[in-house]
Amino acid sequence: MPIIGKPADEKEKTIGEKQTYSVFKANELIQQSRFTLTTQQNKMLLFLISKIKDTDTGEEIYSFPIKEFCEVCNIEEDNNKNYINAKKSLKELADKSVWVVQPNGNEKLLRWLNTVELNKQTNCFEVSFCKDMLPYLFGLKDRYNFTSYSLSNVLTMRSKYGIRLYELLKSYKYLNKPITFTIEELKKRLDAEKYNRYIDFKTNVLDKAVEDINYCSDIEVRYKPLKDGNSRGFVYIVFNILSPSYYLGKIREIRKDKRLSE
């Protein structure tokens, strides 16, 4: 199997260009899944997904240069430390799995990665995706139910909840209407079920995630909690998903460039 990354002129691409590579995911994977990933693991996964080309079939092996990953994600370079951290994170990512609801209502457990190998000659990791994951990541431009976004929109995020909520809301933006989740369902989607009280969920999850999204991503998010009839506490969260104004978009681009280079 060929070892690839992006087009043949990959090495000529600047770090800024690599930061704007597109991530494509099937909406089923975004909207109907439950998984646990740290911020670093999620960025590592999205970095790998951004290397997938339109013509790829899923048989490819993707090169994962540690130096390139650190530069794209603006991680301070420390060769030995970065190598140890990358090796640990890739192992954890390879051990991770995701529950995805199937069309018949059943839940299927899928692994993200198939193989991870360290090439001692190039000092790069060589990674392939699990075959069960291929329908959710490959050939998506021939379908309608997928979401795409620039990698740069999530690279600046510091909360794992920000990345997950961004993807979730981005996948619904095309509907052009408010999106409502029950709080319990949203906790499952964001891997935040440990927060029993709404105030804790709001403080530690929602507010941090929305702050991340509204700082420099390409969507503007506002939310409102709602009660249900005579319920004492909040039951639902209603999200409004908007596009930033032209001037706000420019401000966000400046913030993004600063955070990716600071």
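**Close-up views of a predicted model**

View 1. The residues that line the largest cavity divide into four nonpolar, one polar and four charged. They are Phe35, Leu37, Asn42, Lys160, Tyr161, Arg164, Arg189, Leu190 and Asp191. Helix 8, which spans residues 160-170, supplies the largest share of this lining, with three residues. The volume of the largest cavity is about 50 Å³, and the structure holds one cavity of 30 Å³ or more.

**View 2. The packing of helix 3 against helix 8.** Helix 3, made up of residues 39-49, packs with helix 8 at an angle of about 45°, and the axes of the two helices are 8 Å apart. On the side of helix 3 the contact involves Thr39, Asn42, Lys43 and Leu46, which meet Lys160, Ile163 and Glu167 in helix 8. The residues of this contact divide into two nonpolar, two polar and three charged. Asn42 and Lys160, both named in this contact, also belong to the lining of the largest cavity.

**View 3. The packing of helix 10 against helix 11.** Helix 10 covers residues 198-216 and helix 11 covers residues 246-259; the two pack at an angle of about 105°, with their axes 6 Å apart. Helix 10 is therefore roughly perpendicular to helix 11, since angles from 65 to 115 degrees are counted in that way. In helix 10, the residues Asp212, Ile213, Asn214, Tyr215 and Cys216 meet Arg252, Arg255, Lys256 and Arg259 in helix 11. Sorted by type, the residues of the contact between helix 10 and helix 11 are three nonpolar, one polar and five charged.

**View 4. The second largest pocket and its lining.** About 230 Å³ of space lies in the second largest pocket, and 13 residues line it. Among these lining residues, Phe24, Ile52, Lys53, Asp54 and Lys141 lie nearest the centre of the pocket. The lining of this pocket divides into six nonpolar, two polar and five charged residues.

View 5. Confidence is lowest in strand 1, residues 3-4, where the mean is 58, and highest in strand 10, residues 179-182, where the mean is 97. Where pLDDT is low, the predicted coordinates should not be read in detail.

Notes:
Residues numbered from 1 in each chain as written. Predicted model: local features only at pLDDT ≥ 70, side-chain atom pairs only at ≥ 80, totals over all residues. Heavy atoms only, no water. 1 Å grid on protein atoms, 1.4 Å probe; cavity = no way out; pocket = protein on both sides within 12 Å on 5 of 7 lines; lining within 4 Å. Points joined across faces, edges and corners; volume = space filled by probe spheres on them. Helix = DSSP H or I, 4+ residues; strand = E, 2+ residues; numbered from the N terminus. Nonpolar A, V, L, I, M, F, W, Y, C, P; charged D, E, K, R; others polar. pLDDT = per-residue confidence, 0-100. Axes fitted to C-alpha atoms, helices over the stretch in contact; angles between N-to-C directions. Contact = heavy atoms within 4.5 Å. Parallel < 35°, antiparallel > 145°, perpendicular 65-115°, else oblique.
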